[in-house]
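Subject: A structure for you to look at

Hi there,

Here is the structure I promised to pass on. Please open it beside this email and follow along as you read.

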Amino acid sequence: MLERLITRVENYLKYNTYSSVVSLSNKERKKLGEFCLNYCIENVGTHRSKGNPSVSIVNKKKSYYGEYCNASQKIYVYYTECESIGNFINTFIHEYTHHTQNLKTYYKILSKLGYNNHPMEIEAN
């Protein structure tokens, strides 16, 4: 799925997976985010009761590429951490997958298994 999206981005936006997302304009990053969202809706599906998430593409130093906030149903992508368009796309799909999951037991499982062994994280990757 990721390869298919990257190919579509390369054809649509005329950038490759290794291009710098940091060097894109805000308008281009927004367009990339919208493109990823539409792709995920079409190919991953939507959550029955949640609808579509909102998206925030943020210039903020973090120790991770993105996150999903279940309370606000919002995907955050930290583009300065992602650096490349490929990492941006991969992060977007990962966080969108969390939007489609039932996250009620996420933290309970996280405390038992940790991040790397968490089944919802494995599914999102």
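Below is what turned up, starting with a few words on the model.

This is a predicted model, in which local features need pLDDT of at least 70 and side-chain atom pairs count only at pLDDT 80 or more, while totals for chains, interfaces and linings use all residues. Residues are numbered from 1 along each chain as its sequence is written, and side-chain values use heavy atoms, with hydrogens and water left out.

**The sheet**

Let's begin with the strands. Helices (H or I, at least four residues) and strands (E, at least two) are DSSP runs, numbered from the N terminus. Two strands count as paired if DSSP finds at least two bridges between them. Here, 3 strands form an open sheet in the order S1-S3-S2, and the pairing is mixed. S1 (54–58) and S2 (66–69) are the edge strands; each has a single partner, so one side of each has no neighbour in the sheet. From one strand to the next, the twist averages 15 degrees. (Axes are lines fitted to C-alpha atoms, for helices over the stretch in contact, and angles run from 0 to 180 degrees between N-to-C directions.)

S1 pairs with S3 (residues 74–78) in the parallel sense, over 5 bridges.

**The cysteines**

A disulfide is a covalent bond between the sulfur atoms of two cysteines. The rule used here asks for a pair of cysteine sulfur atoms within 2.5 Å, and the count comes to 0 disulfides. (Buried means under 20% relative accessible area, exposed over 50%, and partly exposed in between, with a 1.4 Å probe and protein chains only.)

**The salt bridge**

How many salt bridges does the structure hold? There is 1, counting a side-chain nitrogen of Lys or Arg within 4 Å of a carboxyl oxygen of Asp or Glu. Lys61 and Glu81 form it, with their closest N and O atoms 3.9 Å apart. Lys61 sits in the loop between S1 and S2 and Glu81 in helix H3 (residues 79–82), so the pair ties together parts 20 residues apart in sequence. Lys61 is exposed at 69% relative accessibility, whereas Glu81 is buried at 18%.

Happy exploring!
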